[in-house]
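Here is a short report on one chain. Start with a single residue and its surroundings, then step back to the whole.

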Amino acid sequence: MQEIKLESIETELFKATWSLYEGSFPSNEKRELSVQEKILKNKNYTALCYLDSKNQLIALLFYWKLGEFYFIEHFAVHPKCRGQSYGTKILNEFLKDKKNVVLEIEPVCDEQTKKRLDFYKRANFIENNYEHYQIPLKKDDKLIILTLLSYEKAINNEEYSKLHKIMQENLAIY
């Protein structure tokens, strides 16, 4: 499996990755392409994609380095590759040399959201019991409540306040 950093929206690989992105997340959890192009230039943001030995797209993982935290903003495995342990392998490799990793998921409301939570729990993520709202990714997006997960340990109140402030300062890009 090959990991590739995406640096331009002009490549065919970016276009394939963007197609996976568009099909994997609801509208209120996605950025617009013009904003994505802008944040690709941000030194604190990294957009990765993963290819198999035949150069077929397996997954995407977009994340931010926010102070002492790594925030996984988007992670998706191609539908054709799900159930083959790719998500676990990619996530474990990403986590291997990082501390203070956080991500957001939708609250559990059906079988799919339960599977998502269980996947992250198997990777040693812990649910934090804060009333957490996603930083809007588009100008007119309404606030949506999400569940904040953290890797290996819960986040205390002071850490959460610091993280949320950094998220507000860095993620609200339109």
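## Leu146 and strand β8

Leaving out residues up to four places away in sequence, Leu146 touches Glu29, Glu104, Ile105, Glu106, Pro107, His132 and Gln134. Contact means heavy atoms within 4.5 Å. Leu146 sits in strand β8, residues 145-151. Helices (H or I, at least four residues) and strands (E, at least two) are DSSP runs, numbered from the N terminus.

Is Leu146 buried or exposed? Leu146 counts as buried, at 6% relative accessibility. Buried means under 20% relative accessible area, exposed over 50%, and partly exposed in between, with a 1.4 Å probe and protein chains only.

## Basis of the model

This is a predicted model: local features need pLDDT of at least 70, side-chain atom pairs count only at pLDDT 80 or more, and totals for chains, interfaces and linings use all residues. Residues are numbered from 1 along each chain as its sequence is written, and side-chain values use heavy atoms, with hydrogens and water left out.

## Overall fold

The chain has five helices and eight strands. From the N terminus, the order is β-α-α-β-β-β-α-β-α-β-β-β-α. The radius of gyration is 15 Å, close to the 16 Å that the globule rule gives for 174 residues, so the chain is as compact as a globular protein of that length. The radius is taken over C-alpha atoms, and the rule is 2.2 Å times the number of residues to the power 0.38. Along its principal axes, the C-alpha trace spans about 45 × 35 × 30 Å.

Of the 174 residues, 47% are buried. Take the contacts between residues at least 6 apart in sequence: 63% of them join residues at least 24 apart.

## Surface and charge

The accessible surface comes to about 9700 Å². Carbon and sulfur atoms account for 47% of that surface. Areas come from the Shrake-Rupley method with a 1.4 Å probe; for residues, only the protein chains shown count as cover.

The chain carries 26 positive and 26 negative charges, and their mean positions are 3 Å apart. Lys and Arg count as positive, Asp and Glu as negative; His and the chain ends are not counted. Each charge is placed at NZ of Lys, CZ of Arg, CG of Asp or CD of Glu.

## Buried helix residues

Leu95 belongs to helix α3, residues 86-95. Leu95 is buried, with a relative accessible area of 2%. Beyond four places in sequence, Leu95 touches Val101, Ala123, Phe125 and Tyr151. The C-alpha atoms of Leu95 and Ala123 are 9.1 Å apart, and the two residues are 28 apart along the chain.

Glu159 lies in helix α5, residues 157-171. Glu159 also counts as buried, at 17% relative accessibility. Not counting residues up to four places away, Glu159 touches Phe69, Lys153 and Ala154.

## Two loop residues

Asn128 is in the loop between β6 (125-127) and β7 (132-133). Is Asn128 buried or exposed? Asn128 is buried, with a relative accessible area of 5%. Leaving aside neighbours within four places, Asn128 is in contact with Leu148, Leu149, Ser150, Ala154 and Ile155.

Asp52 lies in the loop between β2 (45-51) and β3 (57-66).
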